[in-house]
Amino acid sequence: MFREMRKKEREISLEEAQRILNENNYGVLSTINIDNGYPYGVPISYSYINNEIYFHSAREGLKVESFSKDSRVCFTVIGKTEILPEKFSTKYESTIVYGKLIELTEEEKEKALFELIKKYSAGFLEEGKAYIERSGARTKVYKIKIEHISGKARN
């Protein structure tokens with residue numbers, strides 16, 4: 001179902017691909033734009049827990065409408081990079097995830113939002129809990145049920 005990597009010498013292990021997901025803060029979530037059929041990529045913050053990716057969203061908008069028509073997504077995270085001007089190249093590491101979106105129930109939603117608070121606002125956990133209570137009803141939370149992960153690096 002998923003192609004093998006063309007440059008096999010740059011393929012990294014599953015553990016390294018997961019490390020990139022764990023160590024970074026932002027990725028690009030891509031879906032199909034329901035208005036015109038073009039790919040639609042949007043940067044998001046996320047948490048990676050138990051081999052699933054969690055993120056929050058507004059309750060409406062193009063992203064949410066697109067999810068309702070087609071739950072398949074691609075999520076890309078770029079880790080460390082370094083431009084190598086003398087080689088006309090770049091050192092890099094990246095992970096690509098394919099999967100299907102699932103909207104979380106209210107109980108799951110609070111847990112996932114708190115994981116995001118722990119990742120991005122670790123020094124403000126009590127305030128984060130209060131923030132979730134105040135604004136959680138205005139928020140949707142999704143998880144990507146991962147079907148395939150691949151990672152690539154150039155050292």
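A residue is called buried here when its relative accessible area is under 20%, exposed when it is over 50%, and partly exposed in between, with a 1.4 Å probe and protein chains only. By that criterion, Gly-128, Ile-132 and Ser-135 of helix H4 are buried. The structure is a predicted model, in which local features need pLDDT of at least 70 and side-chain atom pairs count only at pLDDT 80 or more, while totals for chains, interfaces and linings use all residues. Residues are numbered from 1 along each chain as its sequence is written, and side-chain values use heavy atoms, with hydrogens and water left out.

**Overall architecture**

- The chain has 4 helices and 7 strands; these are DSSP runs numbered from the N terminus, with helices (H or I) of at least four residues and strands (E) of at least two.
- Along the sequence, the elements follow the pattern α-β-β-β-β-α-β-β-α-α-β.
- The C-alpha trace spans about 50 × 40 × 25 Å along its principal axes.
- Of the 155 residues in the chain, 39% count as buried.
- Contact means heavy atoms within 4.5 Å. Among contacts between residues at least 6 apart in sequence, 71% join residues at least 24 apart.

**Helix H4 and its packing on H3**

- Two packed helices are described by the angle between their axes and the distance between the axes.
- The axes of helix H3 (residues 106-120) and helix H4 (residues 125-135) come within 10 Å and cross at roughly 145°. These axes are lines fitted to C-alpha atoms, for helices over the stretch in contact, and the angles run from 0 to 180 degrees between N-to-C directions.
- The crossing of H3 and H4 is right-handed; a crossing has this hand if the near helix is turned clockwise from the far one by less than a right angle, and is left-handed if anticlockwise.
- H3 contributes Glu-110, Leu-113, Phe-114, Ile-117 and Lys-118 to the contact, and H4 contributes Leu-125, Gly-128, Lys-129 and Ile-132.
- By class, this contact has 5 nonpolar, 1 polar and 3 charged residues, where Ala, Val, Leu, Ile, Met, Phe, Trp, Tyr, Cys and Pro count as nonpolar, Asp, Glu, Lys and Arg as charged, and the others, Gly among them, as polar.
- In H4, the buried residues are Gly-128, Ile-132 and Ser-135. Seen down the axis of H4, they fall within an arc of 90°, so they line one face of the helix; the arc is that of the directions from the helix axis to the C-beta atoms.
- The buried residues of H4 pack against H3 and strand S7 (139-154), whereas Glu-126, Glu-133 and Arg-134 are exposed on the other side of H4.
- Leu-125 counts as partly exposed at 30% relative accessibility. Leaving aside neighbours within four places in sequence, Leu-125 is in contact with Phe-114, Ile-117 and Lys-118.
- Glu-127, also in helix H4, counts as partly exposed at 48% relative accessibility.

**Helix H2**

- Lys-63, Val-64, Ser-66 and Phe-67 of H2 are buried. Down the axis of H2, these residues fall within an arc of 160°, so they line one face of the helix.
- Ser-68 and Lys-69 are exposed on the other side of H2.
- The cover over the buried residues of H2 includes strand S1 (26-32), strand S2 (39-45), S4, strand S5 (72-84), strand S6 (89-103) and S7.

**Aromatic cluster**

- The structure holds 5 aromatic pairs. Rings of Phe, Tyr and Trp (its six-membered ring) pair if their centres lie within 6.5 Å; planes under 30 degrees apart count as stacked, over 60 as edge-to-face and the rest as tilted.
- The ring centres of Phe-55 and Phe-67 are 6.1 Å apart and their planes stand at 75°, so the pair is edge-to-face.
- Phe-55 lies in strand S4 (residues 52-58) and Phe-67 in helix H2 (residues 62-69), so this pair ties together parts that are 12 residues apart in sequence.
- Phe-55 is buried with a relative accessible area of 0%, and Phe-67 is buried with 8%.
- Phe-55 also forms a stacked pair with Tyr-142, at 5.6 Å centre to centre and 20° between the planes. Tyr-142 lies in strand S7 and Phe-55 in strand S4, so the pair ties together parts that are 87 residues apart in sequence.
- Ring pairs link Phe-55, Phe-67 and Tyr-142 into a cluster.
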